[in-house]
Amino acid sequence: MPASRVISGIVAIAIALGMILLGGWYFTTLFCIIIFLGQREYFQLVQAKGIAPAARTTLVVSQIFLIISTFSHSLADAILPVAGTFICFYLLFQPTIATIADIAASILGLFYGGYLPSYWVRLRGLGTAEVANLPLNGYWPDSFDLKSMPEGLIITLLAFGCIWAADIGAYVFGKTFGKTLLSAISPKKTVEGAVFGVSASIGVAVLGAWYLDWPAWPLSGMALGLMIGIASLLGDLTESLMKRDVGVKDSGKLIPGHGGILDRTDSYVFTAPLVFYFVTLLLPLLA
């Protein structure tokens, strides 16, 4: 593995752990920056295909999603149809008549780059308000016993750990033992790497479920790990599909050894809402 990739990965993990630990508006602010940069890369890919989306409008609306998600989940959900309608109106009254591709790319940018990632803000916010001990609704633990920390912090750390295990496991195992092509979308991905990556995610989730005393922890841990592993892989393949359609290797050059923000965060897009609803809806049913 190239040294630049390793160093960039360590720095990214350190930043991620810091923002997850602090939570509150600290988490939201840094996440807003990441989403803004990622959406810019998405719209650059779209514009390279000759499509003219409502990029600026979608960027602004997506930031509103993240901000509102910090203090109101239901209101954030209500904004989605309103924002989609506003974007369509915006495109209808442009000097140049918009195409179906312009509208579709804008709505996908809103959903993929704004709405789905907003669930990370919602997830991290679970239980934070009751224990916040820093300005801006932030949190700093008195001890590093995970069981004493707010639910949102623990679940977010567990979800990130599963994604890291899936990504690293698939990359290393696939490079070493991979022989069977997984998909023509991404020629470097192998079935062997994907299976090992999902298995690594399941392993981390089962350990987390056991440590946190979840109800039916072997079952709930396996379910969460399988879900995160597959969603992480699908997110990676989706971004690879976009890049392949445009004909580029990376979505950008911001992160040495990794490419752009999308190249580093594609595994997180589809994962957030699944984890959020698993914890808030399915896990209570097992109890």
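Predicted model: local features only at pLDDT ≥ 70, side-chain atom pairs only at ≥ 80, totals over all residues.
Residues are numbered from 1 along each chain as its sequence is written, and local features need pLDDT of at least 70, side-chain atom pairs pLDDT 80 or more, while totals for chains, interfaces and linings use all residues. Side-chain values use heavy atoms, with hydrogens and water left out.

**Exercise 1. Describe how helix α4 packs against helix α5.**

Step 1. Helices (H or I, at least four residues) and strands (E, at least two) are DSSP runs, numbered from the N terminus. Helix α4 covers residues 73-92 and helix α5 residues 100-115.

Step 2. Axes are lines fitted to C-alpha atoms, for helices over the stretch in contact, and angles run from 0 to 180 degrees between N-to-C directions. The angle for α4 and α5 is about 155 degrees, and their axes are 10 Å apart.

Step 3. Angles under 35 degrees count as roughly parallel, over 145 as roughly antiparallel, 65 to 115 as roughly perpendicular and the rest as oblique. The two helices α4 and α5 are therefore roughly antiparallel.

Step 4. Contact means heavy atoms within 4.5 Å.

**Exercise 2. Which residues of α2 and α5 meet?**

Step 1. Helix α2 (residues 24-48) packs on α5 at an angle of about 150 degrees, with the axes 10 Å apart. The pair α2 and α5 is therefore roughly antiparallel.

Step 2. From α2 come Ile35, Gln39, Tyr42, Phe43 and Val46; from α5 come Ala105, Leu108, Gly109, Leu110, Gly113 and Gly114. The contact of α2 with α5 divides into seven nonpolar, four polar and no charged residues.

**Exercise 3. Classify the angle between α8 and α12.**

Step 1. The axes of α8 and helix α12 (residues 271-286) come within 11 Å and cross at roughly 135 degrees.

Step 2. That angle makes α8 oblique to α12.

Step 3. Glu151, Ile155, Ala159 and Ile163 of α8 make the contact with Thr271, Val275 and Val279 of α12.

**Exercise 4. Why does the pair Asp167 and Arg264 tie together separate parts of the sequence?**

Step 1. A salt bridge is a side-chain nitrogen of Lys or Arg within 4 Å of a carboxyl oxygen of Asp or Glu. The structure has six salt bridges, and one of them joins Asp167 to Arg264 at 3.4 Å, N to O.

Step 2. Asp167 belongs to helix α8 (residues 151-177) and Arg264 to helix α11 (residues 261-265), so the pair links parts 97 residues apart in sequence.

**Exercise 5. In which sense do β1 and β2 pair?**

Step 1. Two strands pair if DSSP finds at least two bridges between them. Strand β1 (residues 181-183) and strand β2 (residues 186-190) pair over two bridges, in the antiparallel sense.

Step 2. Thr190 in β2 is the bridge partner of Leu181, and a hairpin of two residues joins β1 to β2.

Key: Nonpolar A, V, L, I, M, F, W, Y, C, P; charged D, E, K, R; others polar.
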